[in-house]
Amino acid sequence: WHRGMGKYTLELLSAVLKEADVNKLHVYGILSRQLEKPADLDKIITKRLSNMKIVYLDLLEDRTGDLEIPRHNQLIIDKFINTKISNIKNNDITYFVPSLMQGFIRAVLPSDHLKVRKIVLIYDLIPLIFHEVYLKSNTSRQEYLSRIADLLRADVYLTISETIANDLCFYLNIDKEKIYNIDGGPANHSSIPKKYHVKKPFILMPTGNDLRKNNERAVRAFEEFNQKYENKYTLVITSFFKEFQIAHLNSISNDLLFTGNISGSQMSYLFKECSGVIFPSEYEGLGMPIIETIEYNKPIACSDITVFREISKDAFIFFNPYSVPEIVTALVALVVNDPKIDNKKYNKISKKYSWKNSTHKLIESLNTPITIKPSNKYKVAVFSPNPSGNSEAGKFCLAIHTEMTRLMDLSYFQNHLLVSDIEERINYLPYITKTTNLKPGSGYNSMHYDTSIFSIDGTIESAEILFAALSNPGYVFLHDINLSATWKAMLDKGLINKNRYKIEQLMSAKLDKNNQYYVVSLLTDKHTIIVFNKQHEQTLIKYVEQLQSKPRILYYALPVSVLAYSKVIPIKTTPYLSASDLRAMYPLTDLQFNNILSKTNVLIYDINNWNDLILKAMQYGVIPCISNSLASQLEIPKGAYIEYTANMDKNKLINQFDINTESLVRQFIQKRFSYKDFVSSLLEEFNSK
């Protein structure tokens with residue numbers, strides 16, 4: 001109740017209830033009888049949510065790893081829907097969860113067979129994106145990642161910013177048509193400020209004790225700034241902090257005041273009386289304190305991150321959150337240089353970020369059709385490298401999971417992440433669906449499945465997957481037709497002996513003296529091979545004709561996750577970047593990778609076999625510099641790319657496109673074959689057989 005998501009939920013529900021009668025909405029609020037109530041909850045409900053019918057059910061709090069708790073809670077919810085509101089048609093019922101990913105409680109969605117519209121509100125995907133910080137332990141992983149199974153069952157996703165909407169598309173590959181950004185508004189603190197004793201002048205930092213809040217750098221910058229001005233200022237830090245955190249920050253500066261969780265009227269006083277507000281977060285879902293600060297017409301210094309640029313491109317003092325000197329400069333501009341507030345810009349922001357607007361967008365989402373899932377899903381075994389590493393085949397299977405799991409009953413067989421690999425992204429599949437470590441004798445029986453999929457690229461990570469494909473029929477997603485390194489890895493790992501390796505080597509040389517790709521054994525009648533490159537398709541068809549075998553070779557355009565709001569991007573600061581430079585930076589997390597791409601104007605594609613990089617870059621309006629032949633393979637139209645030549649002058653790239661080029665790039669991506677399109681086509685293929 002004291003954190004941002006609690007305040008957001010309260011304000012949103014309060015605004016919805018004001019519109020309930022006009023929109024003929026009957027609103028039930030479900031709370032757990034088992035959870036301890038905050039002391040002021042009854043007072044809040046009476047004052048702010050008086051026309052919502054509160055129902056207390058025996059919903060259990062979360063215990064990590066206890067799978068019976070979500071099952072128990074779902075049964076309770078299903079029973080309530082069936083009995084208490086049985087007079088309403090199911091398709092007129094919306095079940096809305098405002099905090100599905102929140103720990104300790106265990107919110108769940110109703111069963112799919114009830115055909116109730118399921119809506120979830122997403123504040124952020126911070127633990128998933130910053131997994132190396134927040135999901136270090138097995139306990140934290142289980143507690144957070146297991147909730148993704150329910151998340152992917154939703155019919156509608158509400159987000160609090162366009163930035164978070166894009167994160168849902170990029171990190172979970174959720175269809176943009178299911179996402180509604182409803183923004184948000186300021187917290188209703190109090191119209192009557194209550195004095196909070198603090199020495200003036202002071203700078204206000206509404207924050208929290210989370211690492212991403214970037215408190216330490218901000219305090220170091222404040223101390224450096226304050227020393228220049230004879231320690232004139234106090235930095236007032238709100239929200240709850242643990243004693244050791246307070247002690248650490250106090251060791252950096254003596255001019256800090258920690259308020260803890262304070263009343264709304266006291267918060268109003270701090271906003272009203274401060275000299276300015278600083279917001280140094282590395283990442284935010286929205287940043288409600290910025291909107292609140294605007295209400296009090298105070299100057300704002302904040303991190304130069306996408307979500308704050310989304311609120312306004314130029315109404316605030318922006319700084320690099322990782323640079324203490326830049327934060328110092330921003331503090332000087334904030335309170336010493338008497339910054340001029342642009343009232344027109346502030347008024348425009350206030351008009352956009354209102355709870356009334358958010359409510360109208362939420363009510364609009366209630367017309368979204370309920371997703372009807374097939375009653376008898378295909379049972380599919382999916383073999384792939386571990387998606388946490390650098391394997392394109394592994395990443396692809398993680399990317400298509402969201403759409404596949406809606407239509408198919410999936411079981412995964414994956415190998416272990418190599419010791420040499422870093423965990424670039426979280427492989428959440430073992431936490432939400434059946435996943436087996438792939439090794440000889442791992443229990444796979446093709447008779448238990450309707451079909452099998454083998455996702456293979458030309459890396460050593462695909463060794464176990466290729467080995468399984470050689471002895472089992474099914475569909476092969478072939479991301480690279482040069483499998484020489486994969487065959488060598490099978491030999492090195494003891495999956496095959498030298499004689500078997502030698503046979504493939506000889507057959508490969510006989511098939512094509514110039515290009516020994518080691519694909520002969522895959523080109524048998526028992527496989528349907530799907531490729532994502534027109535040239536690969538032509539090569540394999542030529543080989544099949546030579547071998548007189550009858551595998552089916554199918555070409556699909558390489559899919560891409562289309563961002564819900566493609567124009568929400570950082571300011572472009574890098575004129576051009578080459579793919580070889582980007583590869584030299586590895587290992588990179590997905591967040592680092594995206595940050596680099598999103599700030600780049602032109603991507604020079606000067607390497608081979610990394611075609612999905614081009615599409616990912618184009619998601620962010622990056623103009624690809626590629627050969628005409630590659631543009632043809634990827635079906636990129638003229639005008640949406642720059643022709644690459646070996647001796648080109650990179651410094652003149654900026655002169656080779658105009659303002660329409662980026663627009664054409666975005667148009668191409670918006671119409672591009674998506675993961676949803678791919679899975680729909682794949683299901684049609686299954687049905688045809």
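Helices and strands here are DSSP runs, numbered from the N terminus. All the close-ups below come from a predicted model.

**View 1. Four lysines make up a positive surface patch.** The members are K313, K348, K352 and K567. Look for K567 in the loop that links β19 (552–555) to β20 (574–578). Is K567 buried or exposed? With 69% relative accessibility, K567 counts as exposed, because the exposed label applies over 50%.

View 2. How many disulfides does the count give? It comes to 0. Take C274: the nearest cysteine sulfur belongs to C302 and sits 14 Å away, while a disulfide needs the two sulfurs within 2.5 Å. C274 is buried, at 2% relative accessibility, and C625 is buried too, at 0%.

**View 3. K200 and P201 are joined by a cis peptide bond.** Omega is about -5° at this bond. That's worth a look, because most peptide bonds are trans. P201 belongs to the loop between β6 (179–181) and β7 (202–205).

**View 4. K24 has a positive phi.** Most residues other than glycine have a negative phi. For K24, though, phi is near 55°. You'll find K24 in the loop running between α1 (4–18) and β1 (28–32), and its relative accessible area of 72% makes it exposed.

**View 5. N297 has a positive phi as well.** N297 isn't a glycine, yet its phi is about 55°. This residue is in the loop between α12 (288–295) and β11 (300–303). A relative accessible area of 39% makes N297 partly exposed.

How values were computed: Residues numbered from 1 in each chain as written. Predicted model: local features only at pLDDT ≥ 70, side-chain atom pairs only at ≥ 80, totals over all residues. Heavy atoms only, no water. Patch = residues over 30% accessible without salt bridge, like charges linked within 9 Å, V, L, I, M, F, W, Y side chains within 5 Å. Areas by Shrake-Rupley, 256 points an atom, 1.4 Å probe, with all protein chains shown as cover. Salt bridge = Lys/Arg side-chain N within 4 Å of Asp/Glu carboxyl O. Lys, Arg positive; Asp, Glu negative; His and termini not counted. Charge placed at Lys NZ, Arg CZ, Asp CG, Glu CD. Helix = DSSP H or I, 4+ residues; strand = E, 2+ residues; numbered from the N terminus. Buried < 20%, exposed > 50% of the residue type's maximum accessible area, 1.4 Å probe, protein only.
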